[in-house]
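Subject: Structure for your review

Dear colleague,

Please find below the structure that I am handing over to you. My notes on it follow directly after.

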Amino acid sequence: MTGSTDPRSTGARATPEWHEYSSAERLGAGLAEKLAAICVDALNERALAWLALAGGRTPLPAYRHLAGMPGIDWGRVVAVPTDERCVPHEHPACNLSELGNALHDANGISIITLTRPDGDAEASAMFAQRELNARAQPFDAVVLGMGADAHTASLFPGAAQLAAALDLQTHEDALRIDPDPLPPEAPFARITLTAKRLLRTRELHVVITGDAKRGVLERALASGDVHAHPIAIVLQAPQAHLHLHWSP
Ligand SMILES: O=C1O[C@H](COP(=O)(O)O)[C@@H](O)[C@H](O)[C@H]1O
């Protein structure tokens with residue numbers, strides 16, 4: 001089911017369009033169709049299609065569907081993770097291999113990394129900034145996941161660097177973030193795209209599953225408090241088409 005709240009809101013807030021699916025697999029197929037369409041449009045109009053893709057498990061079915069879709073000139077598609085853990089690239093906690101595996105069939109796609117091969121946090125932050133600075137054009141689409149604490153990308157509530165990463169006047173595209181507390185399942189510093197960089201996009205797709213996360217997302221959007229609920233930054237991109245994808 002697809003539904004919209006207020007189709008054209010007033011003020012500088014994005015208007016979310018909800019997409020509800022009966023399963024995570026259907027969500028993956030629905031999101032993949034939207035990403036494929038925007039890649040095709042981008043490639044018809046510009047030299048490259050430029051995507052920022054969330055890590056985590058929820059969007060992986062969408063990436064797999066997308067990679068299998070016909071009619072996309074993958075050699076002209078460039079993707080970057082929205083965030084990455086500061087671990088060596090061969091470490092099981094590095095998002096890169098899962099993203100690469102999910103996009104395996106997208107033959108020729110370029111995936112930009114945010115971290116140095118050894119995972120050093122400071123060197124990675126400088127590297128990520130250079131990589132993004134060299135690709136200053138707006139994203140065609142940004143896919144964002146969300147944690148149970150309302151973090152998105154690696155914009156973690158409570159992190160010392162959160163205010164800098166949320167600052168919409170910043171000149172930084174990517175920053176080091178130290179989640180506080182460190183999540184026990186992934187106790188690492190991260191590199192995250194800043195809110196300003198994530199919001200410079202034609203489309204924003206938030207992808208979540210389960211009633212608990214839906215409740216978190218609805219409360220975050222209602223409060224608009226980006227420091228307590230960083231996912232609420234998506235409301236601050238009124239020029240972007242904001243899609244919220246949910247399945248049980
Ligand atoms: O820590 C992270 O978690 C979120 C959500 O992941 P999921 O597995 O629950 O979908 C993810 O979007 C983010 O990129 C990642 O760093």
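A residue is called buried when its relative accessible area is under 20%, exposed when it is over 50%, and partly exposed in between, using a 1.4 Å probe and protein chains only. The model is predicted, so that local features need pLDDT of at least 70 and side-chain atom pairs count only at pLDDT 80 or more, while totals for chains, interfaces and linings use all residues. Residues are numbered from 1 along each chain as its sequence is written, and side-chain values use heavy atoms, with hydrogens and water left out.

Asp173 sits in the loop between helix 5 (162-166) and strand 8; helices (H or I, at least four residues) and strands (E, at least two) are DSSP runs, numbered from the N terminus. Leaving aside residues up to four places away in sequence, Asp173 is in contact (heavy atoms within 4.5 Å) with Gln129, Leu132, Asn133, Thr192, Leu193, Thr194, Arg197 and Arg200.

Two strands pair if DSSP finds at least two bridges between them; strand 5 and strand 9 (residues 190-193) run antiparallel and are joined by three bridges. Asp83 has Thr192 as its bridge partner in strand 9.

Strand 10 and Thr201

Strand 10 (residues 201-209) includes Thr201. Seven of the nine residues of strand 10 are buried. Strand 10 runs parallel to strand 7 (residues 139-144), to which five bridges join it, and it pairs in the parallel sense with strand 11 (residues 241-247) over seven bridges. Phe139 stands opposite Thr201, and His205 stands opposite His243 in strand 11. Because its relative accessibility is 4%, Thr201 counts as buried. Beyond residues up to four places away in sequence, Thr201 touches Phe139, Asp140, Ala141, Val142, Gln239 and Ala240. A polar atom of the Thr201 side chain lies 2.8 Å from the backbone oxygen of Glu203.

Strands 3 and 4

All five residues of strand 4 (residues 77-81) are buried. Val77, Ala79 and Pro81 point one way from strand 4, and Val78 and Val80 point the other way. Strand 3 (residues 49-53) runs parallel to strand 4 and is joined to it by five bridges, with Leu51 opposite Ala79.

Helices 2 and 3

The axes of helix 2 (residues 60-67) and helix 3 (residues 95-102) come within 8 Å and cross at roughly 40 degrees. The two helices are therefore oblique to each other; angles under 35 degrees count as roughly parallel, over 145 as roughly antiparallel, 65 to 115 as roughly perpendicular and the rest as oblique. Leu60, Tyr63, Arg64 and Ala67 of helix 2 meet Glu98, Leu99 and Ala102 of helix 3.

With kind regards

How values were computed:
Polar contact = N/O pair within 3.5 Å; in protein donor to acceptor, adjacent residues only side chain to side chain. Axes fitted to C-alpha atoms, helices over the stretch in contact; angles between N-to-C directions.
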